[in-house]
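Please open the model in your viewer, with a way of selecting residues by number. The tour below moves from one selection to the next and says what can be found at each stop.

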Amino acid sequence: MIILLLLVNSKLMAQPIDVIFKSNTTIVENEKNRFRQSDAIQKTFASSNFEVTYYRCNWKIDPAIRFITGNITAHFITNTNTSTISFDLSSQLTVDSIYYRGVRINFSHTAPAILQLFFPNSIANGVKDSTTIFYKGVPANSGFGSFIQATHAGVPVLWTLSEPYGAKDWWPCRNGLDDKADSIDIIVSCPSAYKTSSNGLLKNETDNGITRTAYYSHRYPIATYLIAFAVTNYTVLN
């Protein structure tokens, strides 16, 4: 009788295990298919002759308006002698100017997302350098919704979610996963009725009655698509 019960129980247990195994196999296959589909996506248009080590992101945002104004300072290291490098940035955005060592330099911004910088002189292999890009515009959306302007409970909210390759929709960067910045600083100014949440630690917040500026600092390697912010009428609990 005991042996019979064991056999019956093992038979009953076999069905759920098979179902679970089949379900897991389906999940694995679905993930494989999504990965294959992602190969058709242009992950990055940035050139491979440099690596970014640091970003300082300075943005002006009003969550009631789908628009971004900003400047990005990128510190980088060249891996070959070069007089030009290229970042990712959607051609839907407008680049106002680019500065290198305090001097305005030439650039080319072409579809779909190539921002090429031309330095006045060749930069030697292994040199640490930096540049600042000023831009503005109405960002596009891709992936899970890289730049969203909406409302919650009737209140404006603006947030970013760049996964997997949507960072170039709203800021100039190296968009691939092969290059993580060692650290970032994020400065966001918005109307004083709202607050900003972003990566890292909130180091400072200034309210002048008209605008509120938040400064966040992040000191760990970070992939480009993880850099994000959200602006709305947050209630802060300490």
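A residue is called buried when its relative accessible area is under 20%, exposed when that area is over 50%, and partly exposed in between, as worked out with a 1.4 Å probe on the protein chains only. This is a predicted model, in which local features need pLDDT of at least 70 and side-chain atom pairs count only at pLDDT 80 or more, while totals for chains, interfaces and linings use all residues. Residues are numbered from 1 along each chain as its sequence is written, and side-chain values use heavy atoms, with hydrogens and water left out.

Two further terms are needed for the strands. Helices (H or I, at least four residues) and strands (E, at least two) are DSSP runs, numbered from the N terminus, and two strands pair if DSSP finds at least two bridges between them.

**Stop 1: the sheet of 8 strands**

Begin with the open sheet of 8 strands, whose order is E5-E4-E8-E2-E1-E11-E14-E13 and whose pairing is mixed. Strand E5 (103–104) and strand E13 (201–207) are at its edges, and because each has a single partner strand, one side of each is left without a neighbour in the sheet.

Next, select strand E1 (residues 50–60), in which phenylalanine 50 lies. E1 pairs in the antiparallel sense with strand E2 (residues 68–78) over 10 bridges, and valine 52 has phenylalanine 76 in E2 as its bridge partner. With strand E11 (residues 183–191), E1 pairs in the parallel sense over 7 bridges, and here arginine 56 has aspartate 185 in E11 as its bridge partner.

Stay with phenylalanine 50, which counts as buried because its relative accessibility is 1%. If residues up to four places away in sequence are not counted, phenylalanine 50 touches Phe76, Ile77, Thr78, Asn79, Ile85, Ser86, Phe87, Arg174 and Asp179, where contact means heavy atoms within 4.5 Å. Phenylalanine 50 and isoleucine 85 are 35 residues apart in sequence, and their C-alpha atoms are 7.2 Å apart in space.

Now move to strand E4 (residues 94–100), which pairs with strand E8 (residues 128–137) in the antiparallel sense over 5 bridges; valine 95 stands opposite tyrosine 135 in E8. In the loop between E4 and E5, select arginine 101, whose phi is near 55 degrees, a positive value in a residue other than glycine. Is arginine 101 buried or exposed? Arginine 101 is exposed, since its relative accessible area is 62%.

**Stop 2: the sheet of 4 strands**

The other open sheet to select has 4 strands in the order E9-E10-E15-E12, with antiparallel pairing. Strand E9 (147–152) and E12 stand at the edges, and as each has a single partner strand, one side of each is left without a neighbour in the sheet.

E9 and E10 run antiparallel and are joined by 6 bridges, with phenylalanine 147 having threonine 160 in E10 as its bridge partner. In the loop between E9 and E10 is alanine 153, which has a positive phi of about 55 degrees although it is not a glycine; at 82% relative accessibility, alanine 153 counts as exposed.

Then select strand E15 (residues 229–232), from which Phe229 and Val231 point one way and Ala230 and Thr232 the other way, all of them buried. Strand E10 (residues 155–160) pairs with E15 in the antiparallel sense over 2 bridges, and tryptophan 159 has alanine 230 in E15 as its bridge partner. E12 and E15 also run antiparallel, joined by 4 bridges, and threonine 196 stands opposite valine 231 in E15.

**Stop 3: two cis peptide bonds**

Select alanine 111 and proline 112, between which the peptide bond is cis, with omega near 0 degrees. Proline 112 lies in the loop between strand E6 (106–110) and strand E7 (114–123). The peptide bond from glutamate 163 to proline 164 is likewise cis, with omega near 0 degrees, and proline 164 is in the loop between E10 and E11.
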